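Please take the sequence and the 3D structure below together.

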Amino acid sequence: MTDAAAKPPVLRVRLAAPRGFCAGVDRAIQVVEATLERFGAPVYVRHEIVHNRHVVSRLRDLGAVFVETLEECPDDRPVVFSAHGSPRSVTEGARARGMTYLDATCPLVSKVHVEAARHHAAGRQVLLIGHAGHPEVIGTMGQLPDGAVVLIETLEQAQSFVPDGSGGVAYVTQTTLSVDDTAEIVEALKARFPDMTAPHRDDICYATTNRQEAVKSIAGGCDVLLVIGSANSSNSVRLVEVGLKAGAPKAFLIDDADDLDLAWLEGAGTVGVTAGASAPEDLVQGVIAKLRSAYAVTVEEIGAARETVSFKLPRALLA
């Protein structure tokens, strides 16, 4: 075999920036770590702290016990509430039982909670644009009495929604939605309800927006787009959708390098790589390492947004 024949094929990797952990995810993980350090194991966590199985597995190895309901937690051990936010009934339940609890809700999700409560107090009917069943949606709807929040998932629902006529309409949104799809729903609502009250600042968080813009900047020049993130991660799933709409011929959501089927890349010259806001950077580097095992890889990082946001830990962990 000649040297030329032995050379691996060339593969250009367009690496999106920013990608991976956002400030809310980073804070939530630190809350669990700091609670374990202060109180020792086990520490209970209501719902996955963030939607990434690698993060959850690592914290479980450190002594975190993940549960879905407060009833699964003993009274005498700390419990952490996940980054997605929880209904008021959960906090009230923990307080009634005298439990030690730490709230790792992302401050940008808490902002949505405050907005929804303010609109309700002002007598407005609250619309929540989001996905049914997502923990963030359950938490936001759970800030108000049953029936006080109307969930809008689709453009069709926005066009058919009938207000109760009580005192105007206001909307809030899940923080991890597609920016473009949400804008379409909002425009449909505005066309029907010109006086509808909007958030002072967009509820879709900076990290979701930045990662979607970064994917748009690489998708059109890629033969295949790889999005690293778990299947239950809303923002990661949105990156796949955004990439396909932005021109990527194929896009795959993978948890890690083990999920990557190199057969997907047959005939590809350029591959885009990004990661959802709950996926750690070592998973990105693992995927690139696997690509290097079969290709002569060149990596170009593409993006403009710089993220400097950080959030403080709860006061109980700073004392």
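Strand β8 is largely enclosed by the rest of the structure, because five of its five residues are buried. Buried means under 20% relative accessible area, exposed means over 50%, and partly exposed lies in between, with a 1.4 Å probe and protein chains only. Helices (H or I, at least four residues) and strands (E, at least two) are DSSP runs, numbered from the N terminus. Both faces of β8 are covered: on one side Val169, Tyr171 and Thr173 are buried, and on the other Ala170 and Val172 are buried.

This is a predicted model, in which local features need pLDDT of at least 70 and side-chain atom pairs count only at pLDDT 80 or more, while totals for chains, interfaces and linings use all residues. Residues are numbered from 1 along each chain as its sequence is written, and side-chain values use heavy atoms, with hydrogens and water left out.

Strand β8 runs parallel to β6, and five bridges join the two. Across this pairing, Leu127 stands opposite Tyr171 in β8. Two strands count as paired if DSSP finds at least two bridges between them.

Helix α5 packs against both of these strands: its buried residues are in contact with β6 (125-129), α6 (135-141) and β8 (169-173). Contact means heavy atoms within 4.5 Å. The helix covers residues 107-121, and its 15 residues should span 21 Å at 1.5 Å a residue; the end C-alpha atoms are 21 Å apart, which agrees. The expected span is 1.5 Å times one less than the number of residues. Which residues of α5 are buried? They are Val109, Val112, His113, Glu115, Ala116 and His119. These residues cover an arc of only 160° around the axis, which puts them on the same side of α5. The arc is that of the directions from the helix axis to the C-beta atoms. On the other side of α5, Val114 and Ala121 are exposed. Just after the helix, Gly123 takes a positive phi of about 85°.

Next comes an open sheet of five strands, in the order β10-β9-β11-β1-β12 and with parallel pairing. Its edge strands are β10 (251-254) and β12 (296-302), each of which pairs on one side only. From one strand to the next, the twist averages 25°. For such angles, axes are lines fitted to C-alpha atoms (for helices, over the stretch in contact), and the angles run from 0 to 180 degrees between N-to-C directions. Val227 has Leu253 in β10 as its bridge partner.

Helix α11 is covered in part by this sheet: what covers its buried residues includes β1, α3, β9, β10, β11 (270-275) and β12. The helix has twelve residues (281-292) and reaches 17 Å from its first C-alpha to its last, close to the 16 Å expected at 1.5 Å a residue. Leu283, Val284, Val287, Ile288 and Leu291 are the buried residues of α11. They lie on the same side of α11, as shown by their arc of only 140° around the axis.

Another open sheet has four strands in the order β3-β2-β4-β5, again with parallel pairing. Here β3 (64-67) and β5 (101-103) are the edge strands, and each pairs on one side only. Three bridges link β4 (residues 79-81) to β5 in the parallel sense. In that pairing, Val80 has Leu102 as its bridge partner in β5.

Some loops hold backbone features to look for. The peptide bond between Ala17 and Pro18 is cis, with omega about 0°, and Pro18 is found in the loop between β1 (10-16) and α2 (23-39). A cis peptide bond also runs from Ala41 to Pro42, with omega near 0°; Pro42 is found in the loop between α2 and β2 (43-46). His47 has a positive phi of about 70° although it is not a glycine. This residue is found in the loop between β2 and α3 (53-62), and at 15% relative accessibility it counts as buried.

How many disulfides does the structure hold? It holds zero, a disulfide being a pair of cysteine sulfur atoms within 2.5 Å. The sulfur of Cys106 is 6.1 Å from the closest cysteine sulfur, in Cys22, which is too far for a bond. For Cys205 the closest cysteine sulfur is also in Cys22, at 5.8 Å, again too far for a bond. Cys106 counts as buried at 11% relative accessibility, and Cys205 counts as buried at 12%.
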